[in-house]
Every structure is written in C-alpha cells, then in structure tokens.
Amino acid sequence: MKGVRGAHKAPGEFRKTQDWIGGATIEDAVFIPPAPGSVPELMLDLERFVHDESILLPDLLNIALIHYQFETIHPFLDGNGRVGRLMIPLYLVYRGVLGRPILYISDFFERNRSLYYDNLMRVREQNDLDHWFRFFLTGVIETARKGIATFDGILDLQRDVDERVRQLGRRAGSAATVIQQLYRRPLIDAAGVSEVAGVSMPTAYKLIEDLECISILREMTGARRGRTYLFDADLALFVD
C-alpha cells in the first residue's frame with residue numbers, strides 16, 4: 001500500500017469504521033460489508049477455513065470461495081480488491097498447485113469488472129455459488145491459456161534474439177548479458193548498459209548501436225541526451 005491509493009487508510013489494520021461499496025452515502029450503497037466489530041472474528045473463521053484439511057473441495061473452488069468471502073468481509077478501509085486478488089496465486093502456491101505465483105487472474109477480473117461484481121453480488125443476494133464458481137473457473141482457464149501463449153512467445157523470442165546476437169561476433173557476449181537484463185526490465189539507458197555489461201561508456205554506446213541495428217533496441221525519447229531504449233519485442237508479449 002506504500003505510495004499508492006489507500007496508503008493513509010490504516011494499511012494492514014482491520015477497519016474500525018463501517019464501510020460501504022458503491023453509492024455516495026451508505027443509504028444508497030450497492031453493498032454494505034459486515035460491521036467493523038465482527039471483522040476480527042470473521043477473518044479468524046476465514047483463516048481456519050483456509051487451513052482446514054477436512055474440506056474436500058478442489059483447490060480452485062476453495063480459493064474461489066475464499067476470495068468471495070474475503071471480498072464480502074471487506075476487512076480493510078482500502079486495498080481489499082488488491083489483497084483479495086493477490087491471495088489467489090499465493091494460495092495456489094501454498095497448496096502446491098502452482099510452483100510460483102504466476103496465475104495473474106486480476107487481468108480477467110479487470111476486463112470483466114461488471115460481471116465480476118455482479119457475480120459476487122449474486123452469491124450475496126441469491127446464494128448462487130455455482131454461477132460464481134463458473135465465472136471464476138472461466139477466468140482461470142482464460143488466464144492459463146494466455147499464460148501458456150505468453151511463455152511460448154518468450155521461448156520463440158529468445159531463439160530469434162539468440163540467432164540475431166550471434167551476428168555481433170566478439171560483442172555477442174556483452175550483448176547477451178545486456179539482453180538478459182532486458183528480459184527482466186525492457187527499458188535501459190547507456191549508463192545501464194555500461195553497468196550491466198561492465199564496459200566503458202563509449203563501448204556501451206557502440207553496443208546500443210549494434211542492438212539497434214539488429215532490431216533489439218529502439219530509442220524512445222527522441223532526445224539528444226538522456227536517451228532511453230526499449231526492448232519492444234519483449235514488452236509486446238505482455239501487452240494486449
């Protein structure tokens with residue numbers, strides 16, 4: 001919560017006041033979460049549910065239910081959506097379904113925000129868990145397929161980039177080192193190239209020129225000084 005919206009709304013502490021969702025006032029709110037005095041008990045109950053080994057629901061349905069309950073309790077003044085979405089991949093890692101927290105279902109929820117809220121409300125008002133489970137699992141399927149396509153794209157890009165880098169001859173080793181950094185963060189400047197590759201600034205500029213020539217880097221500022229370079233092909237894999 002540091003440095004973002006809600007940073008001054010008692011982050012990390014259960015709310016001490018009544019909150020509501022939608023509407024300018026509580027009178028016309030779309031949803032009113034439980035009273036603040038009941039939040040600690042409800043969160044304790046949710047925590048017990050998370051660790052209850054006697055529950056035989058599949059893990060994906062379990063975390064769908066946990067996410068719904070967390071968002072309904074709405075324990076914090078702000079950041080409930082962010083924390084609730086973060087819980088999904090972390091829970092799946094905890095249960096051994098994922099090796100790393102790589103299922104970014106937040107993107108699906110954001111693109112289908114109205115349906116997301118409608119499905120949460122449908123459980124609250126009609127006790128319709130089946131509809132929520134189907135929506136949630138649709139998001140998991142779509143996100144997983146998108147993830148597989150992205151990973152395949154990364155592998156294809158790496159093979160293509162490796163082939164192009166071989167054209168640089170004796171500078172190929174330094175270029176490969178810079179490219180490994182670009183996979184982590186696709187923006188870099190001359191000072192960054194110098195530091196990562198362990199070369200002088202004149203050599204760094206030459207290396208950048210080489211990477212531009214083989215269409216790895218593109219200068220994006222248009223300035224004469226303080227230029228920044230972008231690894232377009234890598235970034236494109238993560239942008240719709």
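Biologist: Which residues lie nearest the centre of the second largest pocket?

Modeller: Rolling a probe the size of a water molecule over the atoms shows where empty space is left. In this predicted model, Y104, K146, G147, T150 and F238 lie nearest the centre of the second largest pocket, within a lining of 16 residues. Its volume is about 410 Å³. Helix α6 (129-165) gives the most to that lining, with 7 residues. By class, the lining holds 8 nonpolar, 3 polar and 5 charged residues.

Biologist: What is the volume of the largest pocket, and which residues lie nearest its centre?

Modeller: The volume of the largest pocket is about 600 Å³. Of its 25 lining residues, I21, E71, H74, G81 and Y117 lie nearest the centre. Two or more lining residues come from each of α3, α4 (106-111) and α5 (113-126), and α5 supplies the largest share, 6 residues.

Biologist: Is N80 buried or exposed?

Modeller: N80 counts as buried because its relative accessibility is 2%, and buried means under 20%. N80 belongs to helix α3 (residues 80-94). Its side chain reaches the backbone oxygen of F76 at 2.7 Å. Beyond its neighbours within four places in sequence, N80 contacts F70, E71, H74 and P75.

Biologist: In what order do the strands of the sheet stand?

Modeller: Strands of a sheet pair through backbone hydrogen bonds, either parallel or antiparallel. Here 3 strands form an open, antiparallel sheet in the order β1-β3-β2. β1 (187-188) and β2 (218-219) are at the edges with a single partner strand each, so one side of each has no neighbour in the sheet. Between β2 and β3 (residues 229-230) there are 2 bridges, and R218 stands opposite L230 in β3.

Terms used
Residues are numbered from 1 along each chain as its sequence is written. This is a predicted model: local features need pLDDT of at least 70, side-chain atom pairs count only at pLDDT 80 or more; totals for chains, interfaces and linings use all residues. Side-chain values use heavy atoms; hydrogens and water are left out. Two strands pair if DSSP finds at least two bridges between them. Helices (H or I, at least four residues) and strands (E, at least two) are DSSP runs, numbered from the N terminus. Buried means under 20% relative accessible area, exposed over 50%, partly exposed in between (1.4 Å probe, protein chains only). A polar contact is a pair of N or O atoms within 3.5 Å; within protein, one must be able to donate a hydrogen and the other to accept it, and residues adjacent in sequence count only if both atoms are side-chain atoms. Contact means heavy atoms within 4.5 Å. On a 1 Å grid over the protein atoms alone, a cavity is a set of points where a 1.4 Å probe fits but cannot get out, and a pocket is an open set with protein on both sides within 12 Å along at least five of seven lines; lining residues have an atom within 4 Å of a point. Grid points are joined across faces, edges and corners, and a volume is the space filled by probe spheres set on the points. Ala, Val, Leu, Ile, Met, Phe, Trp, Tyr, Cys and Pro count as nonpolar, Asp, Glu, Lys and Arg as charged, and the others, Gly among them, as polar.
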